[in-house]
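Trainee: I have a structure open and would like to go through it with you. Can we take it a piece at a time?

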Amino acid sequence: MIVINLDVMMAKRKMSLNELSEKVGITLANLSVLKNNKAKAIRFSTLDAICHALECRVEDILEYRKETEI
Amino acid sequence: MKTKHLSAIFSLILATVLLAGILAVACVLPLLTESYLNLSGRWLEPAEHGLSDFQKILVLLYTILLPALIADLALLRLLVSARREQVFEPRSIRCISIISWCCIGETALFALLSFYFPFSLLIAFAALFVGLCLRVVRHVLETAADLKKENDLTV
């Protein structure tokens, strides 16, 4: 499954959820859905905006883990 | 937007009027049935043992009113959900399902009533058609609810 490491990157950049939501331009509720691994899909535009705001690469945020590892 | 709002209010009023109508008919059903039978000049079998034909018709008519009442209450719930813009929720799908089952139940009851009043068979067919249409609507709504959920969880 795909795991979102958004909280790790936010902690590294010392950025709050509010701040990121403002920079990315998506609602706090949607960002929470993404952070809590409840999202079913993510748009390229959102991913692009998050990577731009957190100054990171896609693989820093998205990670593939085998079901047995969780 | 205003037309949609007015249409929802109009439907809500109609459903409430229908509910009042069902309750009113339930109150005067014996009187109505008796008057209709007298006017039509129908001769009914008197009771030898058990229920008379008049009583059987009355029981059947009251049984017909029950699914109608349940369907109308489900319709009111559905309209309230629609006003709150919660049409694609499991609750609304359950309401549609209840209404469709009530229609199918009415089909069976009107088919039984056709032993006394043959024209009831037409109402039974109409109820079956509406019930089947609503089952299709339920399936469509289920698919739409799944799509909405997926869309809501797309960030």
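Mentor: Read along the sequence, chain A follows the pattern β-α-α-α-α-α-β. That gives chain A five helices and two strands, where helices (H or I, at least four residues) and strands (E, at least two) are DSSP runs, numbered from the N terminus.

Trainee: What kind of model is this, and how are things numbered?

Mentor: This is a predicted model: local features need pLDDT of at least 70, side-chain atom pairs count only at pLDDT 80 or more, and totals for chains, interfaces and linings use all residues. Residues are numbered from 1 along each chain as its sequence is written, while chains are lettered from A and ligands numbered from 1 in the order in which they are written.

Trainee: Back to chain A. What is its radius of gyration?

Mentor: For chain A the radius of gyration is 12 Å, close to the 11 Å that the globule rule gives for 70 residues, so chain A is as compact as a globular protein of that length. The radius is taken over C-alpha atoms, and the rule is 2.2 Å times the number of residues to the power 0.38. Along the principal axes, the C-alpha atoms of chain A fill a box of roughly 35 × 20 × 20 Å.

Trainee: And chain B, what are its elements?

Mentor: Chain B has four helices and zero strands, running α-α-α-α from the N terminus on. Its radius of gyration is 20 Å, well over the 15 Å from the globule rule for 155 residues, so chain B is more spread out than a compact globule. The C-alpha trace of chain B spans about 75 × 30 × 25 Å along its principal axes.

Trainee: How much of each chain is buried?

Mentor: In chain B, 19% of the 155 residues count as buried; in chain A, buried residues make up 14% of the 70. A residue is buried if 20 or more other C-beta atoms lie within 10 Å of its own, exposed if 12 or fewer, and partly exposed in between, with C-beta atoms placed from the backbone.

Trainee: Which residues touch the most other members in the largest nonpolar core?

Mentor: Of its 21 residues, Ala71(B), Ala74(B), Leu75(B), Ile96(B) and Ile99(B) do. Such a core is a set of buried Ala, Val, Leu, Ile, Met, Phe, Trp, Tyr and Cys residues joined through C-beta atoms within 7 Å. Helix 2 (53-83), helix 3 (90-113) and helix 4 (120-152) of chain B each supply at least two residues of this core, and helix 3 of chain B gives the most, with 10 residues. Apart from it lies another core, of 11 residues, among them Ile4(A), Val24(A), Leu31(A) and Leu34(A).

Trainee: How many residues does the contact between the chains take?

Mentor: The contact takes 11 residues from chain A and four residues from chain B, two residues being in contact if their C-beta atoms, placed from the backbone, lie within 7 Å. Helix 3 (residues 28-35) of chain A gives the most to the chain A side, with three residues.

Trainee: Different topic. Where is Asn37(A), and is it buried or exposed?

Mentor: Asn37(A) is found in the loop between helix 3 and helix 4 (44-54) of chain A. Asn37(A) counts as exposed, with 12 C-beta neighbours inside 10 Å. Its phi is near 60°, a positive value in a residue other than glycine.

Trainee: What about phi of Glu85(B)?

Mentor: Phi of Glu85(B) is near 55°, also positive in a residue other than glycine. Most residues other than glycine have a negative phi. Glu85(B) is found in the loop between helix 2 and helix 3 of chain B and is exposed, with 8 other C-beta atoms within 10 Å.
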